[in-house]
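We will go from the whole chain down to single side chains.

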Amino acid sequence: QVQVVESGGGLVQAGGFLRLSCAASGSISRLNVMGWHRQAPGNQRELVATITGGGNTNYADSVKGRFTISRDNAKNTVYLQMNSLKPEDTAVYFCAVRRYGGTWSDAYWGQGTQVTVSS
């Protein structure tokens, strides 16, 4: 059993910042890729950023230079530092964990945390 719990969402003005956290627990020894996705109303879920156990990162073009993903392997926790937020960043942000070489369809997902950026 794997549990994934996000926290840190909220309401912020454009140009502001938020930091999301995601803690994974349970049988996660082989689940070493962690990622953040988001879904805005009427849109499909999109990948925001990923990080491997070795620290390799990838970002969506829309957040490059503004968002930073990091992780604490000792705590099985991944973070998403979001700076220079824009109204179009408004969405429910989901954390997911999967094994290296797997797909996000096979990942374990959190319940999501709402991020709202006002203009």
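Colour the protein chain by secondary structure: there are eleven strands and zero helices. This is a predicted model. Trace the chain from the N terminus, and the elements run β-β-β-β-β-β-β-β-β-β-β. The radius of gyration is 13 Å, close to the 14 Å that the globule rule gives for 119 residues, so the protein chain is as compact as a globular protein of that length.

Now show the C-alpha atoms alone. Along the principal axes they fill a box of roughly 40 × 25 × 20 Å. Colour by burial next: of the 119 residues, 43% are buried. Then turn to contacts between residues at least 6 apart in sequence. Of these, 56% join residues at least 24 apart.

**The open sheet**

Select β1, β3, β8 and β7. These four strands form an open sheet in the order β1-β3-β8-β7, and the pairing is antiparallel. Which strands stand at the edges? They are β1 (2-7) and β7 (67-72). Each has a single partner strand, so one side of each is left without a neighbour in the sheet.

Strands of a sheet pair through backbone hydrogen bonds, either parallel or antiparallel.

Zoom in on β1 and strand β3 (residues 18-26). The two run antiparallel, and six bridges join them. Select Val4, then find the residue opposite: Ala24 in β3.

**A loop residue**

Move to the loop between β5 (46-51) and β6 (57-59), and select Thr52, which lies there. Is Thr52 buried or exposed? Its relative accessibility is 17%, and the cut-off for buried is under 20%, so Thr52 counts as buried. Which residues does Thr52 touch, leaving aside those up to four places away in sequence? Show Asn32, Val33, Arg71 and Tyr100 to see these contacts.

**Rings and charges**

Finish with the aromatic side chains. How many aromatic pairs does the structure hold? There is one.

Next, select Arg45 and Trp109. Arg45 lies over the face of Trp109, at 4.7 Å from the ring centre. Then select Arg98 and Trp104. Here Arg98 lies over the face of Trp104, and the distance to the ring centre is 4.5 Å.

Terms used
Residues are numbered from 1 along each chain as its sequence is written. This is a predicted model: local features need pLDDT of at least 70, side-chain atom pairs count only at pLDDT 80 or more; totals for chains, interfaces and linings use all residues. Side-chain values use heavy atoms; hydrogens and water are left out. Rings of Phe, Tyr and Trp (its six-membered ring) pair if their centres lie within 6.5 Å; planes under 30 degrees apart count as stacked, over 60 as edge-to-face and the rest as tilted. A charge sits over a ring if NZ of Lys or CZ of Arg is within 6 Å of the ring centre and within 35 degrees of the ring normal. Two strands pair if DSSP finds at least two bridges between them. The radius of gyration is taken over C-alpha atoms; the globule rule is 2.2 Å times the number of residues to the power 0.38. Buried means under 20% relative accessible area, exposed over 50%, partly exposed in between (1.4 Å probe, protein chains only). Contact means heavy atoms within 4.5 Å.
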